[in-house]
Amino acid sequence: MDERDVTILKAIADLGTGSPEKLSEETDIPVSTIHYRLNNLREEGIIENDLYDINLEEAGLGVTVVVEVLADYTDSYEEFGEKLLEVEGVTQAYFAMGETDFIVVARLPDSDAVERLISDFEAVEGVERTNSTFVISSLRDTDNPLESYSLETLVEQLADE
């Protein structure tokens with residue numbers, strides 16, 4: 001990956017689109033070059049898909065809950081984590097170090113769904129306790145971490161040349 005590739009990835013993150021025309025306007029890189037580099041980034045596995053982002057709040061899933069799960073399980077953490085991922089509404093799950101074994105993020109429609117979520121977690125064999133935090137307001141909620149970096153930092157840290 002070189003500086004142009006990093007510049008394209010940063011523009012995708014900032015604009016929220018993979019449109020070669022819009023990326024070209026943003027980066028001053030020719031559209032044909034954008035097409036070529038996007039194909040290479042896909043082939044290298046750096047770009048995984050062309051999914052449309054969905055505004056979850058507008059779609060009716062405006063309640064975000066962060067749940068710490070303390071567990072005593074005999075299976076591997078991956079197998080136990082799969083049980084947590086089966087709970088409807090879970091969008092992210094992390095195996096963690098420290099007192100908390102797993103951190104789970106869920107997007108839900110309302111407070112009734114929050115109650116159901118916690119009940120579903122507590123029904124999973126091995127869950128000892130949960131600690132839930134209801135998110136009042138989201139300061140940053142992105143699936144693309146590149147948005148949180150400057151282009152200069154990304155080029156410095158990621159570009160090969």
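I looked up how H1 and H3 lie to each other: they are roughly perpendicular (65 to 115 degrees; under 35 is roughly parallel, over 145 roughly antiparallel, the rest oblique). Helix H1 (residues 3-15) and helix H3 (residues 31-43) pack at about 90°, with axes 11 Å apart. Axes are lines fitted to C-alpha atoms, for helices over the stretch in contact, and angles between N-to-C directions run from 0 to 180 degrees. Helices (H or I, at least four residues) and strands (E, at least two) are DSSP runs, numbered from the N terminus.

The model is predicted: local features need pLDDT of at least 70, side-chain atom pairs count only at pLDDT 80 or more, and totals for chains, interfaces and linings use all residues. Residues are numbered from 1 along each chain as its sequence is written, and side-chain values use heavy atoms, leaving out hydrogens and water.

I then listed the contacts (heavy atoms within 4.5 Å). Arg-4, Asp-5, Ile-8, Leu-9 and Ile-12 of H1 meet Thr-33, Ile-34, Arg-37, Leu-38 and Leu-41 of H3.

Next I checked H1 against helix H6 (residues 151-158): the angle is about 135° and the axes are 9 Å apart. That makes this pair oblique. From H1, Glu-3, Val-6, Thr-7 and Lys-10 meet Leu-151, Leu-154, Val-155 and Leu-158 of H6.

Last, I turned to the strands. E2 (residues 90-95) and E3 (residues 102-108) run antiparallel and are joined by five bridges; pairing needs at least two DSSP bridges. Phe-95 stands opposite Phe-102. Six residues lie between the strands of this hairpin, where I noted a positive phi near 100° at Gly-98.
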